[in-house]
Each structure stands twice: as structure tokens, then as C-alpha cells.
Amino acid sequence: MLCGLKMTYLIYFKHFKYIFFINILLKINKKTHLALFEIFLSKKLFTKTLLMKRISTLFLALLFALPFTLDAQTLTGTISSAEETLIGANVSVAGTSVGTVTDIDGNYSLGLDAGSYTIEVTYTGYASQNFNVTLADGETKAMDILLSEGINLSDVVVTGTRSAPRSATDTPLPIDVVSADELISTGQNSFDKALTYKVPSFNSVNTPVNDATAILDPFEIRNMGPSRTLILINGKRKNTSALLYTQTSPGRGETGADISAIPQGAVERVEILRDGASAQYGSDAIAGVMNIILKKDANNGSVTFTGGLTSEGDGETYGVAINNGSKLGKSGFINYTVDLSKREVSNRPGTVSAEGEAGDFGAPIAEVQAFLDDFPDAGNINGNPETTAAKFAVNLGVDINENAELYANAAYVYKKVNSFANYRTPYWRTEADFPYLADFFPNGPNGEYIGYVPTFDADLNDYNGTIGVRSAKNGWISDASFTVGGNTQTYLVRDSHNRNFTLNPDGTNKYRENSPLIFDVGGTNFRHVVGNIDVTRRLSDVVGIGFGSEFRSETFTVIEGSEASYEDGGPDSFAGNDPRNSGSFNRYNFGGYFDLALDLSDAFFVNGTVRYENYSDFGSKAVWKVSTRYKVSEAFTLRGSASTGFRAPNLHQIFTQKAQFSFIPGQGIQVGGLVNNVSREARLLGLDPLKPEESTNITVGLGYKPNYNFSLTVDYYNISVDDRVILSSEIGSTPAGNTALDQVLAENNLSDLSFFVNALDTKTSGLDFVANYRNIALGGGNLGVALSGNWTIENERDGEVKNPAIVEAAGQSVSNATQEALFFTSRPEYKAILGLNWKADKFGVSLNNTLFGPTTFRQQGLDPGIFTEFETKIVTDLALSYQLSEKITVAANINNLFNVLPEWTFKADRGSENLLNDAAFLQNQSNLITFNQRYSQMTYDGYHFSQLGTIFNFTLNVQF
């Protein structure tokens, strides 16, 4: 104080009383004073009037004196844990708003008046710590603080907020946190399947039909489809896949990021926000956000060898993965993962019905039966395809200076998938119709023609990378980053032929007997470039702000196939991309957000976010979110949120146009057309351009954590979506054949067509609960119990289907019972997971029980009075591990220990119960929906968990 008073006295001694008074009441930092002082002088505010002279004196004294009085004493130091320095830890004078946060190296500097203080240090996930300090005039004192763990660090979440991290029970939003050890303990061979058996609201299962969809399986949260979950890598948006699901299976008409490509060994933890988050992250975050946090361990490494097979002796897997880390400079790190794996084909076909085949293909039943006597499954191969994968991921960070860190991460995956179309039996593709087939496919034991199976070879390349700078200075934490990502999928059809009549100029057939047997059918590519700027500031113990912006450019490319692959329908199984439907299509968007976090008291927290986005193709959207949390006690928390959101139509949905091979019950495989909304055909149909989906989310829940070991959360959610984008049902000709729709079909030589349209308003509601109890002493070890579940209360269409006029006039609908079952009931109505984990010294046991509730389908061709229901089942997984030495651990997993398989039955709507008593009728209906029992176990549309039965996996992990 003395230094400041002396300088003030030299300026205006007689106004000392004003200086003393203001020094007592106000505390403003040095830079603010100096800035105001310069403004004061530049504006020439001095005046000769007595009143203004006194005011001028007062301001000058305040601005000149306080910087010296407040900053003459400084408290400095470093805040750290046992493992690392802590960025963003709060250091404050207890009971006041005076404080600061640590910088990128965990350092802090706090200017104070001379005197004695109680300093409080807090950081989410650690026990707070207080200490007393006394500062003399002009003194700078260093105090380093080591914080100890206060809550389990796996509970700490960073997703869903633009302010400080919070615990899973303390956050105002429902978030699942899954550690790397939990993912590995499932024994599942891919990241998405591991999540299926750890997170009740997350579902992913292999599709029945293995063509392009074999590359990656659709996943979804809260039964909302893969397009409505946003995927982040270390908080940055990951690119979506180039694949558009067009088969009649869950996820139809949508696309999502390829999370199966992520090597599990690179993952530190996964945070799944089960709430709408468009205001924070932009498009796609209607159902929630998955944030995949990569490892940053610089000190440890390991190599893991894996192997396994199914109880049927197929589906063999082999793999080796290495994860290692190293220091970069004094405080930086690099962690990398390389994962190489191979999975052989597994096959679960049914026994094909001769009566059904004879009826569908018009063949003599004796001929059909003779073939099926030798090949009861009609040669079909349906299960998991052969897959070879090479995955790479790296994560690094290094200090630029004491205030800034350079960080980067990147991943690349290559997958080769070899799958099969339906076997073309000799009574389906006959020598009478195609005399040359005996020369093309002499597959019989004596070189005779017995049919053929087209193969589908897919090559996938997926990459993403981010580089950025994160800095902390004067209480401001900023993050500027640049992200690129892309996904390319190209396809090759083998062992097929173009069976159509196309004449060369000399009158000979261009295809048929002159057809190639291998077809380059093209593919698709999606890539994006994203720039982000995010800034946060803790203004006081009460107020925190965040703001930022994002620029994103997206490009979708349809890669054309060879001429033989698209001309006149292309090969018999999968049509290539016509050059007229190929090309690159781009859009960009720019958005910004502002976030305000208010800790109104130790108990009451409120967070609000607003966001504005502008897209180059459809205009602008503004959305908001408000969330709150109230601590009834230290153990009990109430929370809730309300928000609006949006999802921009994918470029895939806007520009995809192709010939589509589809299964039509009773007719086998037929060719239809998928037309896009910017095509000539779309104009003839009078289709409107696609517009964004809009959503409203409400979540209410509670968290209970009475002690370190036990936690419980329960959350209710309600999601309304307007103008949901769907891929329509196959719209065919009318019986009369005299409508405008009939004319479009006839002129384009199509049996039917489908297209994307904003057709539905939907409503979804349900309950999530998660309970954990750790460290239960049992048998010389510790037992952990985890019980979690999801129950879908409501998932249905809200209001009438919004049919285009031409479809309405033809008496048809873009959304039929088959479609709506895929949208709303093809995932379990409820799902629960009970996990028991016991560890003692070197031995570990995990027992995981997953309850899959019923799913219902209304497959195309079914009598409208009945439907199929997959029964509720419990799948049990057992994992055993033993530490042979300090560095070597062996593990064995038996997934689906009791060989539980999906089972379905026919159910009847009210008034149609008598249909269930007609055995012949039910057999006919069963043949219709399983392609004459080829897909008897799962039907053609899908099922609710793996049909492979028991799977054995073995792991050897060596640390170094």
C-alpha cells in the first residue's frame, strides 16, 4: 500500500482520502487500470471546474495507484497430481471472487495485497486443498501444491460443456464413461460391438445382407438412427462414412461415422453424452455425442496378441496390436497404436424350402429338391464376411512455451472386406435363359453348371487428423484447431455377368456370352475440412463464459464404375455407378456459439448455450440449450436440460442416385431405382428439396453418490423430431397403371423407385439408469458391480406421413409399415447390462450379462394382420485374466457363454389372432420374409444381437 500512496501523494496529496477509500473497496487487475489510465489521459478529461477537478483527481488516483498496491505482492507456484501438472485448476482466496487458473504447464500467478490469506485450490476429480499464506510488502512467494484424487477419474467428463470438466454425477447432463479396460474386457473384436455390450442405449449389429453394408454396421443411440449421433475424437468432429445404407435393414437411408475403424488399444476412455447437443457442437447431435479420448501415456507400452473362433469352428480371428508412448522434450508426449487383424468368414444359413423356391422361380419342384438335397442351404453364405484390417492412431502434445501447447492426433485404417451376394441357383439363373453359364461357372464336381455366387470385394480407407494450439493466459483458455478427415469405399464384383442384351455395331452381343466376370462398380468418397476456435474464461467463482466458431467444408463424391458395371443394369448382383449419376458435390457452413455457465451457489448450477449456423445449400439455423443442476446434498443431485437442435441432410442423401438391387418377397431380387432430389426424375415427381430436421430435447434426471464407491444416475428423455429425412419405401406401379407415377416408372424402365424426403415427425422418450458399486471386499479381492439399462417408453411417428402429391394421388405412401418398424421398433425395446468384475492380486474375472429386449419387424410382403417379434434374450460373457509376471498377462473370453441365439415368432394384431392357427399360411409367410429360409434365423430385415452363438477369444499382453 505504501508504494501506491507515495506515488498518489506526489500527484494529488490533498485528495488522499479518496485514494484510501477506493483502495479499500475495489480490486481491479493491473492491465485494466493501465488501459483505463491511458483512455483517461487521451480523452483530456481534466477540467478547471471544482467538481470535475475532484472527479478527475479521484479517477487519476485510482488508476495510477491501484496497480502498484495490488501487484506488489505475488503468490506463484505449480498445481499438479501424482502423474501430471493440471491445466485450468482454480486457485482463489477462500470466500472471495479473487483468483486465477493454472496455465498450460499447471503454473499460476496471483497478485495480492500484503497480508494473510487462506488459499483454496480446486480441480474436478481431485480433493480440494486449502493452505494459509502470509505476504509481506513486495514479497513474491512460491507455493507448489500436489492434489490427491478425490473422485474416480473415470467419472470425470469433458463432453457436453464448454466450461470446466465435471463428474458424471455432478454434470447437468447424462453421460456414460467407458474406460479402455472395460472395452477390452468385453472380448469383442471391434470398437462398436464392445460398446454394444457396455452401454445400454447404444446398439449395433451385423446386417443380414453382406454387400456394401458389410463394410460397417449401422449403430445408434436411443433408437434414433446413426445420422443423429455426432462422433468426436478428442473433442473434434470425425468425418462420416462414405457409405449410405440402402438395404431394408436398421439404419436404412442414413450414414454415420465408421467407429469400428478405431483401434481399441488407442482409446483411453469413451464419453457418451445422451442428450441433444446441437447448440454446443452443431448438426447431427440430436440423439447425443460420442467423444473418443485417445491415450496420452508417454511412459508405458505393450504388445497384444489375439486369436479366436466361434463354437462352430469358423469365423477365426488373428491379430497383433502395439501401443507405445514416449516423451517429447521435457513435458511433451507421443502415444501411438498399430493394430493388424484378420477375421475369416462365418456362415449361418438356413435350410431352404423347396416349395418356396419352386413357387418363386417357377421351377419344377423335383429339380429344386434335387439341388437342395446336395445343397440344403442353396449355397448361400450369410454371416460375418472375411475382413482384413490395418489400423493406426497417434496422439501427441508438446509445450510451445509456458503458456501454450501444440497438440495433434491422427488415425488411418484400411479394411478389405470379402462378402457374398445370394447364391444364384441353377433353377434361378438357368442354362435355358443363359446358355453360356456352363462355360462361365463350371462349379460342379464334374465341371457342370450348378449355379454361382457373386462376390463383393470392398476396399475402405478412412483417415482423420487434427492439429491445434491450446493456450492459457491471464485466465483465458483458447483452443484453435484444424481437422481433416475422409472415407473412401470402392467395390469390385467378381463371379458375375452382365446378363442383358446390348448389341455392338456389328450386331453381336456386347455382354451375355461376351460379358466380363469382374466388374469395377465404382464407389463413394466423403471428406471434410474443419476449423475450430474455442475460448473459455472463468470470470469469477460464479461466472464462466465460452464462445467459438466453426467452419466446415464437406465434399461427397460418387465414383463412376466401368461401362459394363452400369450399362443395362450391370452385373447380376450389384449395379455400378453410372457416369451420369457420378461426380463431386460440395457445401460449406459457418457457425458460432456463446456459452454462459453460472455457479449461482455451491449447489445450483445453470448453463446456457446459443448457436447460429449458416449452410451454403439451405440457409441458416439458430438453436439453443439450457441445462441445470441442483445439489440437494453432497450426495444427491437433480439435473435437467431443454434444447432445440437440427440435422442437416447428408450430401449422400441429397445426391445419391443409382440402380438398387433389392429383395422383393415372393419375387427374389429385383432392380429398382433410387433417384435424388436434384435430378430430372425428382422434378417429374414434384419432390421438394431436402431441408434440415429440427428437434426438441428435454431431459430430467438425478444423480446419487453417497461415497467414493457407489454412484447412481437415472434420466428421463423426450425427443421430438420434425421433418425427419427418410429413404422412402419402394414406390411401384398401380394396378390400374394410369397415374402420373406409372408413367414415370414406365418411361425410366423401373420396377419401382425410392427417394429421400422430409416425410415424418417423430417422438421418442425413455429412461436410462446407471449404477456402480466398486471395491466390495470378497474372497481376498475386490468386486465391482455395474447395473445399467435403457427402456424406450415411446418411439413412433407423430402425425400423418408427408407424402409428395404424386405418391398421394397414386394411393401409395413413402413410409409403410415395413419402414416404420425399421425406424421405431427394430432395436430392443429395453436393454439392461449387469456386469460383475472381481480382481485379486494376479487374477481377474468378469461376468457380463446383457438383456436384449424384444424387437419387432413388419417385413415387406407380410400379411398386414401379423408381424414378427424377436424374443427377449440374455447373453452372458465370461472373461478370465491372469498376470503371469509383472509384464505378461493372459486372458480368455467366452462371449455368449450359453450359445443363446436370436429367435423370432409371428405375432398378430388385434382381430387377426386366428391367422396364427393356420400352419400353412405361417409357413408361406415365413418363406416370404426369409427368402425361403435362407435367412431363417434373422429374417431379411435384421435382428437384435449376433447370430454367431458362442465365440472364444484369447489374448496375450506383454508390457515393455
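Which residue is the bridge partner of Ser116 in E6? In this predicted model, the partner of Ser116 is Thr134. The pair belongs to the contact between strand E5, residues 115–122, and E6, where seven bridges join the two strands in an antiparallel arrangement. In general, strands of a sheet pair through backbone hydrogen bonds, in either a parallel or an antiparallel manner.

E5 and E6 are part of an open sheet of four strands, ordered E3-E2-E5-E6, with antiparallel pairing. Its edges are formed by strand E3 (99–101) and strand E6 (129–135), each of which pairs on one side only. Within this sheet, neighbouring strands are turned against each other by 20° on average, with direction ignored.

Another open sheet contains three strands in the order E40-E41-E44, and here too the pairing is antiparallel. Strand E40 (855–857) and strand E44 (904–908) are the edge strands, each pairing on one side only. E40 pairs with strand E41, residues 866–870, in the antiparallel sense over three bridges. Within that pairing, Thr856 stands opposite Glu869 in E41. Helix H17, spanning residues 919–929, packs on the sheet and touches E41 and E44. The direction of H17 makes about 120° with that of E44.

In H8, which covers residues 354–361, the buried positions are Ala354, Gly356, Glu357, Ala358 and Phe361. As a general rule, an α-helix has 3.6 residues a turn, so residues three or four places apart point the same way. After H8 comes Gly362, which has a positive phi near 65°.

Trp476, Leu539, Phe547, Phe594, Leu596, Val610, Trp624 and Val626 make a nonpolar surface patch of about 690 Å². Strand E27 (583–599) and strand E29 (619–631) are the elements that give two or more residues to this patch. Leu539, one of the patch residues, lies in the loop between strand E25 (519–538) and strand E26 (543–559). Is Leu539 buried, partly exposed or exposed? Leu539 is classed as partly exposed because its relative accessible area is 47%, a value between the limits of 20% and 50%.

Terms used
Residues numbered from 1 in each chain as written. Predicted model: local features only at pLDDT ≥ 70, side-chain atom pairs only at ≥ 80, totals over all residues. Heavy atoms only, no water. Pairing = 2+ DSSP bridges. Contact = heavy atoms within 4.5 Å. Axes fitted to C-alpha atoms, helices over the stretch in contact; angles between N-to-C directions. Patch = residues over 30% accessible without salt bridge, like charges linked within 9 Å, V, L, I, M, F, W, Y side chains within 5 Å. Areas by Shrake-Rupley, 256 points an atom, 1.4 Å probe, with all protein chains shown as cover. Salt bridge = Lys/Arg side-chain N within 4 Å of Asp/Glu carboxyl O. Buried < 20%, exposed > 50% of the residue type's maximum accessible area, 1.4 Å probe, protein only.
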